[in-house]
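Open the model in your viewer and keep the selection tool ready. Each stop says what to select and what is there.

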Amino acid sequence: MAAPQDVHVRICNQEIVKFDLEVKALIQDIRDCPGPLSKLTELNTKVKEKFQQLRHRIQELEQSAREQDKESEKQLLLQEVENHKKQMLSNQTSWRKANLTCKIAIDNLEKAELLQGGDSLRQRKTTKESLAQTSSTITESLMGISRMMSQQVQQSEEAMQTLVSSSRTLLDANEEFKSMSGTIQLGRKLITKYNRRELTDKLLIFLALALFLATVLYILKKRLFPFL
């Protein structure tokens, strides 16, 4: 059975793909929008909502990637996150271009209607003000997204620095282990040498004791049994 974390990662990826397709469809609707401005505003509101949902899922996927136990799986998921971020930035650029295209089309349509006597000068001024306000709103939203992406990049840099620091710590620990291994091997050799020396000393003591006892027995024999 798949681990809960793997299931969560799969669900995040599926929803990211779904939101990405929905954003692309809405951007195409904006590009084809004939007006009026209220319709364009409604489409832009939907796009903002989808972008928020998309960012949220990308952040969840990134968090899951950082919680992976295996470094290979972690790096693979972080690469997927980076690809999703790049795709989202591409969608934002397409969104902005689609808005500009739609606004130009609406503006040209209103100019044509004015030439035909369909609108008054005051209505045209109001339309331009609405266009300017919508453009300002979109610009602010894109700036917010840009700040969010900048923060994500900074967090990625900090995580990379942490990995480098951890790698250095592991290398230092490895060197210490090698040094300790050499010390242990030297101690083992000294203990072996000491054991051999102890065995030799015991043998010499035994031979000396045997010689001493033989000498004592010889002296006793000469004094107690001189005739032998």
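Select Leu209, Phe212, Leu213, Val216, Leu217, Leu220, Leu224 and Phe225. Together they form a nonpolar patch on the surface, with about 770 Å² of accessible area. A patch takes residues with over 30% relative accessible area and no salt bridge; like charges are joined within 9 Å, and nonpolar side chains (Val, Leu, Ile, Met, Phe, Trp, Tyr) within 5 Å. A salt bridge is a side-chain nitrogen of Lys or Arg within 4 Å of a carboxyl oxygen of Asp or Glu. Accessible areas come from the Shrake-Rupley method with a 1.4 Å probe, and for residues only the protein chains shown count as cover.

This is a predicted model: local features need pLDDT of at least 70, side-chain atom pairs count only at pLDDT 80 or more, and totals for chains, interfaces and linings use all residues. Residues are numbered from 1 along each chain as its sequence is written, and side-chain values use heavy atoms, with hydrogens and water left out.

Stay on Phe212. It is found in helix 4 (residues 121-224). Helices (H or I, at least four residues) and strands (E, at least two) are DSSP runs, numbered from the N terminus. Is Phe212 buried or exposed? Phe212 is exposed, because its relative accessible area is 52%. The cut-offs: buried means under 20% relative accessible area, exposed over 50%, partly exposed in between (1.4 Å probe, protein chains only).

**Next: the aromatic pair**

A search of the whole structure finds one aromatic pair. Select Phe51 and Trp95. Their pair is tilted, with 5.4 Å centre to centre and 40° between the planes. Phe51 lies in helix 2 and Trp95 in helix 3, so the pair ties together parts that are 44 residues apart in sequence. Both Phe51 and Trp95 are buried. The rule: rings of Phe, Tyr and Trp (its six-membered ring) pair if their centres lie within 6.5 Å; planes under 30 degrees apart count as stacked, over 60 as edge-to-face and the rest as tilted.

**Next: the salt bridges**

Side chains of opposite charge can pair when their charged atoms come close. How many salt bridges are there? The count comes to nine.

Select Lys50 and Glu22. They form a salt bridge, and the closest N and O atoms are 2.8 Å apart. This pair links distant parts of the chain: Lys50 is in helix 2 (residues 37-66) and Glu22 in helix 1, 28 residues apart. Lys50 is partly exposed at 21% relative accessibility. Glu22 is partly exposed at 26%.

Now pick Arg66 and Glu62. In this salt bridge the closest N and O atoms are 3.0 Å apart. Both residues lie in helix 2, four residues apart, about one turn of the helix. Arg66 is partly exposed at 27%, whereas Glu62 is buried at 6%.

Go on to Asp107 and Lys111. Their salt bridge has its closest N and O atoms 3.6 Å apart. Both lie in helix 3 (residues 71-115), four residues apart. Asp107 is buried at 16% relative accessibility. Lys111 is partly exposed at 35%. Then select Glu15, Arg57 and Glu60: salt bridges that share partners join them into one network.

**Last stop: Asp20**

Select Asp20 in helix 1 (residues 4-32). Asp20 is buried, with a relative accessible area of 13%.
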